[in-house]
Amino acid sequence: MREAGSKRRPWIAAGFALALSAAGAQAGPESADPIRLTLHDWTGQLVTTRIMGEVLKRAGYNVEYVPADYLAQFAGLKTGDLHVAMEIWETTGRQAMDEAVATGLVENLGETGMLAIEEWWYPLYLKEQCPGLPDWRALANCAPLFATPETAPRGRYLGGPVTWGGHDEERVEALGLDFEVVHAGTDAALFAEIESAVQRKAPIIAWVYAPHWAPIRYAGEWVQFPPYEPACYEDPAWGVNPALAYDCGKPRGPIWKVAWAGLGKKWPGARAAIQAFRVTNEEMGEMIAQVDLEGRSVEAVVADWLSRNEARWRSWIGQ
Amino acid sequence: MASLALREAHGGRLFGPAAVGWLAAAGLSLLFSLLPPRTLPAFLYELPRDWRLPLETWLSASMAWLVEEAAIGPLRFRDLTRALAAFVEWPLALVRALLVEGFAGSGSPGAGPFAAPVSWLAVILLAGLLAARSGDRSLVLLVTGSLAYLALFGQWPSAMVTLSSILIAVPFGVAIGMLLGIAAFRSARFERLLVPLLDVMQTVPVFAYLLPMLFLFGFGPVSAILATILYAMPPMVRVTALALRQVPSEIRDFAAMAGCTSRQSLWRVLVPAARPTLVVGVNQVIMLSLNMVIIASMIGAGGLGYDVLTALRRLDIGRGLEAGLAITVLAIALDRLGQKAASRGERTRQQSADGLLDRPTVWLALGLAALATTELGRAFPFLAAYPESLQVSTGPLWNELVAWINVHFFDQLETLKSALVLNLLAPVRRFLLAQPWPWVLVLLVVAGHRLGGRRLALTVFALAAFVVATGYFEKALVSVYLVGLSALVATAIGIPIGIACGLSDRLWRVVEVVVDTLQTLPSFVYLIPVVMLFRVGEFSAMIAVVLYALAPAIRYTAHGIRRTPPPLLEAGCAAGCTRVQILRHIRLPLALPDILLGVNQTIMLALSMLVITALVGTRDLGQEVYIALTKADVGKGLVAGLCVACIAMIADRLVSAAAAHTRRRLGLVP
């Protein structure tokens, strides 16, 4: 996975002189050390990171990809072992990100342009069995449809890992839904259960997020809860249940780019390029589908994108 | 059958005064579980926050101090650990360059490497020759076949990344382990200090110390390797101390008579004499290192572990299985090579004169040949990298198989699962969680006292009190429930299989492959299909735990049964025993210590799976450790991890004491 080892350093200076003259780039690399971008285990993140990495390479930077765990990586970002993380989701990584930024060792480089959606989701074939969906009020009557022997007579809602938060227990109580929240331990387990239910056309309602391959692969819909407002989470009086908070849907939020605080000092040009990086949900969905559903390689999909959007990424690196 | 023998062994004790006491205790426990909720005050189930030992905060604070401020003179502590990391980084970079990346000529993009990595053909060739040195043809087939699998299924580049980490971690683990083991052998006081430390190292879940490792040693393959060494080394220490102690006293006396200095006597006499047992330790280090591949990939080691995780996140079960099997294949090939290398030790010394492959010139020529294929790879790409067009994948097949089972048999599986959950899992869980901590402490202390005297009672009390004082009692009970039931099921399945394997060599050859696979295949690979068929939850977690913890129950039982001294068997035959009688009255009682050791190991392995079960949504100590990792909470992770270690040590001490008790009862030990 790593494309350039740190052992290359002694030869690097010469290499860069060469690369510079060849490319004739205006924004040259300020340091020849490799910029380390983290790779996680979901396709969308691999795509965004590869796009950024390839663009930086074309600007003459030495780039290294390091596989890392989504949350464990903050330890590395703080110490400067890792430099850039391309996708920190408002919805799942906010707490870790805020904690890291508060130390002053990590900085937030702004939005990626993608908007994270997280919500209760169901496959389309359930619409006949539970009329009234996607409105959340329909769930009140269909809870037994989603029941399993362990949860009966209450419905079973498959939530994300405990660490994702999400306040689903509170939501169920505040909206008077007759559901039991079961937490999947990991993302993989969560989608394994959805896949299994879809194969059997069995009832399931679960926490799904986008951009992700699942809402592309399976036909389905988000449940429409009363839309989120900050007041809903903070003020019990807000919304349909005057006595409890969380009587609304989940917040939707941006996906952030995060970097080691020393990035700007060492590679100011790279920092500016990363700050300028923007892609949309639609583009991303398309690329994820190409990789996960059509089986193309991430590298090929990224190369396609780069050749189709040359003007865009050139502006990021000031060319 | 085993239970039959056990009951016989206990004999009359069932109705003694002690039995009455235990019956009364069971009655009281049952009473607790029947109490309506909230009859007893809440602090009897979990200490309120203000009463707890603030160990987590202390640990987090001291970790922060260690990373940010601690210094010895002008040298910051962190710089020291970083220097240590660089010490490991250097050989790793070398091996990686050799196997994966090639040596860089210049940093400019597009400029080819100065020297290409060793080609796949050359690696297979060299490994095959290494195996050929043993003169065992089936080993050559196994090793080359394994490596060919890696190339054929497109796992080669990742496998080499993993292999280079292993090639660094194993020698370090073996060397450090041996040195510590020798120190323990020489000084009893050092050993007394070391043993509890080893226990903790082996039982604290890796996730718990991953964070401190990351802070101190940086993010990347080096931290992963250091974590691997830490995890894989303890058996080497234990085995070394044991092996040296087992060297017959005649040999030791001989060394003394020959006038050896203590250094000479150690390295020239004791270590060579202990070699066969030392190899068992090396084997353990290799196996455990490969167990860490998945976790290591989470902190930047890449390789096969990363491929497994990526494939499974995409629910590509087939691809995940192929990458997982690549780990297994690598483990088995390395293990068998290591075993042969060890047993070769004595033989080659006699044969080396005529062994063609032992001549340095032959090796030089082979090395040159390998280099040639590597260099030729520039002209003929298929030599450098196995061509993609010739790669195969059985991926889709596996995905379809799971889908087919899912569509056709889900209802039957669901019925079975519901019956088990409602009638077994749920009642046991309710029963355990209803026990207040003072009562559990009393029970543990009494059990400890009966089995091992005052010392054991005190140890067990201290360990359990730690769990209560840190506020993890309830989570610990959930863990005990998960692990206890799984270990019970695993032994119930494993011991009969083990007995059958002990009696039939042919069966054992088949089962051994299955057992090896189960132990080295990352559990994540089968966790996903299990979740598809049984949903997220404790039931799925238990299946994964049972599958993993089954191995020692089978292995040790088979070993014990097989080891029955032939004279005793002949005596049995002569006395006219039937096969069943021989098994029941001779083989089983003699194998009992081995079986109990297997049970002990089954419990330990089941506990080590706690962190994995957190990945399918259990709410136990494993989950706490996992949450701590995701929130970068060093203190919480370590404390919850130590609680797991406490449970493990309590179980270990009690089972060992019970085993000793039984042995005395059977008259196996004077």
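**Notebook: a predicted two-chain model**

I began with a loop of chain A: Pro134(A) sits in the loop that runs between strand 4 (106-123) and helix 5 (137-142). The model I am reading is a predicted one.

I placed Pro211(A) in the loop between strand 7 (206-210) and helix 8 (214-217) of chain A.

**Entry: positive phi**

I looked up Lys201(A), which is not a glycine and yet has a positive phi of about 55 degrees. I found Lys201(A) in the loop between helix 7 (187-200) and strand 7 of chain A. Is Lys201(A) buried or exposed? I recorded 11 C-beta neighbours inside 10 Å, so Lys201(A) counts as exposed; the cut-off for exposed is 12 or fewer.

In chain B I looked up Arg535(B), also not a glycine, with a positive phi of about 70 degrees. Its place is the loop between helix 23 and helix 24 of chain B. Is Arg535(B) buried or exposed? I recorded 27 other C-beta atoms within 10 Å, so Arg535(B) is buried; the cut-off for buried is 20 or more.

**Entry: the domains of chain A**

I next looked up how chain A is divided. Domain 1 of chain A covers 6-113 + 255-316, and domain 2 covers 116-234. I noted that the centres of these two domains, taken over C-alpha atoms, are separated by 33 Å.

How many residues does each domain bring to the contact? I recorded 14 residues from domain 1 of chain A and eight residues from domain 2 of chain A. On the domain 1 side, helix 2 (43-58), helix 4 (90-102) and helix 12 (281-292) of chain A are the elements that give two or more residues. Helix 12 of chain A gives the most, with six residues. By class, I listed this side of domain 1 as six nonpolar, six polar and two charged residues.

**Entry: where the chains meet**

I then turned to the contact of chain A with chain B, which takes 54 residues from chain B and 54 residues from chain A. On the side of chain B that touches chain A, several helices of chain B each supply at least two residues, among them helix 4 (77-101), helix 9 (206-217) and helix 28 (621-630). Which helix supplies the largest share of this side? I found that helix 19 of chain B does, with seven residues. I sorted this side of chain B by class and recorded 31 nonpolar, 17 polar and six charged residues.

**Entry: the nonpolar core**

Last, I looked up the largest nonpolar core, which has 285 residues. Leu210(B), Val545(B) and Cys643(B) touch the most other members. Helix 24 (residues 538-562) of chain B supplies the largest share of this core, 16 residues. I also noted that this core draws at least three residues from each of domain 1 and domain 2 of chain A.

What does Val545(B) contact, leaving aside its neighbours within four places in sequence? I listed Leu482(B), Val483(B), Ser486(B), Ala606(B), Met609(B) and Thr613(B).

How values were computed: Residues numbered from 1 in each chain as written. Chains lettered and ligands numbered in written order. Predicted model: local features only at pLDDT ≥ 70, side-chain atom pairs only at ≥ 80, totals over all residues. Contact = placed C-beta atoms within 7 Å. Helix = DSSP H or I, 4+ residues; strand = E, 2+ residues; numbered from the N terminus. Nonpolar A, V, L, I, M, F, W, Y, C, P; charged D, E, K, R; others polar. Domains from an automatic or database assignment. Core = buried A, V, L, I, M, F, W, Y, C linked by C-beta atoms within 7 Å.
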